[in-house]
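Reader: I would like to learn how to read a few features of a protein structure. Please show me the case to work on.

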Amino acid sequence: MENLILKSISVENFASFAEPITFTTEADLSKKEHLDNTFVCGDSRFNKVSFLYGANGSGKTFFCKILREIQRLLLISPLSATDAAQLLSIPQLKEMDTPVKTFAFDTSFQERPTKFAIELIIDDITYHYAFSVKGKEVVYELLTKKYRRTEKLLERTSSSFKDITLRSDLKGFDAAKHTVKAETLCLPVAGMLNTPLASKIVAAISGINVVNMAAGRLDPVNPKKTFSDERLRKYISIVRKADPTLRDIKVSFEEEEVARHKISSDDFENRELITKKTKVGIDSRHAVYENGEETTSAPLSFFADESLGTVKLFTALPYLFDVLETGGTLIIDELENGLHLSLAKEIINLFINEESNPHHAQLICTSHQPLLVDGNYRRDQVWITEKDSRGKSVLHRMSDFKTSRAKVNLANRILEGAFGCRPEPFFDNNT
């Protein structure tokens with residue numbers, strides 16, 4: 001989404017993050033560092049690229065799941081709030097309708113609510129959305145809007161709809177707030193019932209892609225756009241650098257019916273919900289040579305016959321182009337997974353370069369590769385996760401530590417195990 005900035009994201013009592021943590025893309029202007037990797041919005045500067053490092057099991061993937069969990073709760077709330085609640089019995093949706101995972105290694109946290117917060121800037125207006133969930137019940141919800149001054153648009157102080165206060169842009173939903181149940185968030189229900197600002201904010205949050213490079217599969221939101229002729233030409237020109245024999249790529253889509261579910265037992269029209277799954281097939285053609293001369297081309301099954309690195313590169317391209325062409329935020333877990341270091345750095349440079357990133361799209365990536373930040377990067381671009389002996393993950397920003405910029409080489413500091421981002425030896429001498 002153009003004109004969308006992810007300013008910050010916070011959580012407490014979720015997965016391995018027992019205590020409150022906050023991540024922000026806002027640049028720390030108290031430090032005297034170069035501004036090349038930043039852009040301006042209003043009175044603030046923001047980082048185009050942010051890195052998250054940590055040892056194995058320190059919480060990097062759980063960090064990515066914070067946004068996924070917010071998106072899940074936004075998606076499931078409208079279904080729970082309407083007559084469509086019976087759809088949650090469908091296996092594909094039932095898996096999504098589960099309690100939030102609290103911190104598991106201390107019994108006192110199991111009775112505490114989980115707190116989420118996300119701050120977005122949309123069209124130069126800052127929206128802060130926060131809510132708390134205990135089990136499946138929403139016990140608190142807040143939406144504020146800041147443009148010159150801060151204004152509360154939504155405030156909820158208990159699981160009851162009677163304790164929801166709506167103002168300004170959301171006031172129109174007041175007559176329908178009784179549809180908000182204890183286990184549903186008010187904002188997405190308001191969005192479903194055509195409250196424009198609520199729809200806009202929910203769409204902005206839901207539109208942030210979170211990609212795990214270890215997965216290696218294609219799940220495009222808009223397949224026709226993702227694999228348009230123009231896009232495929234761009235993909236081919238890039239992938240050909242990894243495989244110079246590549247000549248063409250053909251994409252096929254196959255929809256298969258997964259299940260049928262009757263909507264209601266007393267529905268005289270016998271309506272059914274048909275669950276379908278779209279499979280993306282990729283076939284490529286490659287040059288065939290005779291006596292050093294290209295004579296024809298032969299087909300290959302792309303996913304089966306190409307190298308893992310080439311497949312990883314190809315599966316990343318749609319997500320990269322989606323956000324670079326329109327703006328917004330992309331989160332990639334394990335950016336360098338299956339990719340050569342220079343290629344991973346090229347991806348980062350796509351976001352830093354003004355020409356390839358005219359809409360100031362943001363990239364947030366987790367990594368084990370310290371050489372990704374071997375260059376002209378700011379300390380406030382680098383975050384470190386660390387887990388203590390009791391299973392609690394914490395989050396630090398390198399700029400929070402009192403170290404002179406002139407004395408810091410970010411790659412070296414990570415290699416040295418700065419702030420716990422290098423694991424203790426896993427194997428002793430007797431292993």
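Reader: Which element supplies the largest share of the lining of the second largest pocket?

Author: First, the ground rules: this is a predicted model, where local features need pLDDT of at least 70, side-chain atom pairs count only at pLDDT 80 or more, and totals for chains, interfaces and linings use all residues. Residues are numbered from 1 along each chain as its sequence is written, and side-chain values use heavy atoms, with hydrogens and water left out. Helices (H or I, at least four residues) and strands (E, at least two) are DSSP runs, numbered from the N terminus. Here the largest share, 6 residues, comes from α8.

Reader: At what angle do α8 and α9 pack?

Author: Axes are lines fitted to C-alpha atoms, for helices over the stretch in contact, and angles run from 0 to 180 degrees between N-to-C directions. Helix α8 (residues 308–326) and helix α9 (residues 341–352) make an angle of about 10°, their axes 11 Å apart. The two helices are therefore roughly parallel (angles under 35 degrees).

Reader: Which residues of α8 and α9 meet?

Author: Contact means heavy atoms within 4.5 Å. From α8 come Leu 313, Leu 320, Val 323 and Leu 324, and from α9 Leu 343, Ile 347, Leu 350 and Phe 351. This contact has 8 nonpolar residues, no polar and no charged.

Reader: What is the order of the strands in the open sheet?

Author: Strands of a sheet pair through backbone hydrogen bonds, either parallel or antiparallel. Two strands count as paired if DSSP finds at least two bridges between them. The 6 strands run β11-β15-β16-β5-β17-β18, with mixed pairing. β11 (209–212) and β18 (393–397) are at the edges with a single partner strand each, so one side of each has no neighbour in the sheet.

Reader: Where does α8 lie?

Author: Helix α8 lies across β11 and β15 (329–333), at about 155° to β15. Helix α9 also packs on the sheet, touching β5, β15 and β16.

How values were computed:
Parallel < 35°, antiparallel > 145°, perpendicular 65-115°, else oblique. Nonpolar A, V, L, I, M, F, W, Y, C, P; charged D, E, K, R; others polar.
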